[in-house]
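User: I have a structure open here and have not looked at it before. Can you walk me through it?

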Amino acid sequence: MPIAKVALDTPLHRLFDYLAEDVDACDIGRRVRVPFGRREEWGVLVALTEHAEVAPEQLKAIRSVDRDLPPLPAELIDLARFAA
């Protein structure tokens, strides 16, 4: 199963890993709802990979993908990575 790299609005400057059960490459750049601590947060799916930064048993699944809005263009995601 692919691993989703999600950018969240947190003071931590890193991406967070989630299980990407119903997600594919067409969803990169879309908003996703994910569990974060005791709450749920909206973030942006920025990449899919095969390897996680944490142990697989610690990963939680993406709750939902907002497919009502178009995804962010790849150029904008690249610019955000450069600026970060």
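User: Is R67 buried, partly exposed or exposed? What is the number?

Analyst: This is a predicted model. In it, R67 counts as partly exposed, at 46% relative accessibility.

User: Which side chain does R67 meet in a salt bridge?

Analyst: That of D27, with an N to O distance of 2.8 Å. The pair ties together parts that are 40 residues apart in sequence, because D27 lies in the loop between β2 and β3 while R67 lies in the loop between β5 and α1 (74-83).

User: And D27, buried or exposed?

Analyst: D27 is buried, with a relative accessible area of 3%. The cut-off for buried is under 20%.

User: How many salt bridges are there in the whole structure?

Analyst: A search finds 9. One of them joins the side chains of E40 and R63, at 3.3 Å from N to O. E40 sits in strand β4 and R63 in the loop between β4 and β5, so this pair links parts 23 residues apart in sequence. E40 is partly exposed at 33% relative accessibility, and R63 counts as exposed at 51%.

User: Which residues are linked in a network of salt bridges?

Analyst: K5, D17 and E53.

User: Switching to the sheet. What is the strand order?

Analyst: The order is β2-β1-β4-β3-β5, in an open sheet of 5 strands with antiparallel pairing. The edge strands are β2 and β5 (64-65), each pairing on one side only.

User: How many bridges join β1 to β2, and how many join β1 to β4?

Analyst: Strand β1 is joined to β2 (residues 16-19) by 4 bridges and to β4 (residues 39-49) by 6. On the β2 side, I3 has L19 as its bridge partner. On the β4 side, K5 stands opposite A47.

Key: Residues numbered from 1 in each chain as written. Predicted model: local features only at pLDDT ≥ 70, side-chain atom pairs only at ≥ 80, totals over all residues. Heavy atoms only, no water. Pairing = 2+ DSSP bridges. Helix = DSSP H or I, 4+ residues; strand = E, 2+ residues; numbered from the N terminus. Salt bridge = Lys/Arg side-chain N within 4 Å of Asp/Glu carboxyl O. Buried < 20%, exposed > 50% of the residue type's maximum accessible area, 1.4 Å probe, protein only.
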